[in-house]
Amino acid sequence: MRSNSVHSDDTIDCGSLVPLKVLVAGGFGVGKTTLVTALSEIPPLLTEQEMTSASVGFDAAEAVPAKHTTTVAMDFGRITVDEALVLYLFGTPGQSRFWFMWDELARGSVGAVVLVDLRRIDDCFPAVDYFENRRLPFVVAVNRFPGADDHDTESVRHALVLAEDVPVLWMDARDPAASRGALIALVEHALARTTVSSRS
Amino acid sequence: MHQADEQQQSGGRVVPVYAITGGRTRSGAGQDMPVETLVTATAARGVDMLQAEYRTAVELATHPVSIAEVGAALAVPLGVARVVVADLVDAGHLAAHLPPSTDGGPAPEILERLLEGLRAQ
């Protein structure tokens, strides 16, 4: 049904509400929830996505979810940017078996902050690969765990085989100002990409 | 609302989640609504007649909230929240505000506004 309140055209109506989203990715325990908490104006909420491995189509005979249904939980937070813009931050499950969720989440997003713990740098490879392959803007934010300062940006860039233009920054995910800095770096990067090259 | 809170705290559900939506996991109009889609309550009458979860969703939307927030408040998966929201949009109780673009990222004008807003915080 067509409803006058649902509009999906690309025009910007200054009077209407505009939801936006950013993904917070990285390995397990890297600080995704901490970062969302530092930035969000509300205590982070938990949402669940229920998935069946085979089909998700509706069938009256299967009105009750089957046993193989799995539930994936993710944290999210919210920043009311101005009277019309509302930005959501979604902490994406780090494990690769949840990638099916990322496609839906990633679609239309501003981009991603990939959090890195240098003691377990391999954990962020799936996220970096994912965003590179989808050509989604992302920044790499090194969370300052003990020992992080023994490394420099160039070695991180090299270890992750990052393109020249991908920003790498060092931050403490518990610090709201530093976390906001990472977010600003992402939006600047996304903006630079829209002006340098049009989407292919 | 209170009921949803209790359910969230106890981690259990009284009824199967899809019972809320009559077993449906999809809704015609709202199938493609992204999780960040904002909804606001309209002035439509008849909210009192709605099922509890639906009424809660409309009450939440007194201020703009996303489908994700509706799901969190009702303690239901996103798929259920999406059906609830879509039904309420169809019934005229909620207005949906979709993201500016679902393919590719937001337009430069939007990103500039976002940047400005974040820097001002």
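Predicted model: local features only at pLDDT ≥ 70, side-chain atom pairs only at ≥ 80, totals over all residues.

1. In chain B, helix α2 (residues 52–60) and helix α3 (residues 67–74) have axes that come within 10 Å and cross at roughly 130 degrees. Angles over 145 degrees would count as roughly antiparallel and 65 to 115 as roughly perpendicular, so α2(B) and α3(B) are oblique to each other. The crossing of α2(B) past α3(B) is right-handed.

2. On the α2(B) side, the contact is made by B:E53, B:T56, B:A57 and B:L60. On the α3(B) side, B:E69, B:V70, B:A73 and B:L74 take part. By type, the residues of this contact are 5 nonpolar, 1 polar and 2 charged.

3. Strand β1 (residues 38–41) of chain B pairs with strand β2 (residues 65–66) of chain B in the antiparallel sense, over 2 bridges. Here B:L38 has B:S66 as its bridge partner in β2(B).

4. β1(B) also pairs with strand β3 (residues 94–97) of chain B, in the antiparallel sense and over 4 bridges. In β3(B), B:L94 is the bridge partner of B:A41.

5. In chain A, is A:V140 buried or exposed? A:V140 lies in strand β6 (residues 138–143) of chain A. With 26 other C-beta atoms within 10 Å, A:V140 is buried, the cut-off being 20 or more.

6. Leaving aside residues up to four places away in sequence, A:V140 touches A:V114, A:V116, A:V156, A:L160, A:L162, A:V166 and A:V168. A:D75 is 65 residues from A:V140 in sequence and 20 Å from it in space, C-alpha to C-alpha.

Methods: Residues numbered from 1 in each chain as written. Chains lettered and ligands numbered in written order. Axes fitted to C-alpha atoms, helices over the stretch in contact; angles between N-to-C directions. Parallel < 35°, antiparallel > 145°, perpendicular 65-115°, else oblique. Left-handed = near helix turned anticlockwise from the far one by under 90°. Contact = placed C-beta atoms within 7 Å. Nonpolar A, V, L, I, M, F, W, Y, C, P; charged D, E, K, R; others polar. Buried ≥ 20, exposed ≤ 12 C-beta atoms within 10 Å, placed from the backbone. Pairing = 2+ DSSP bridges.
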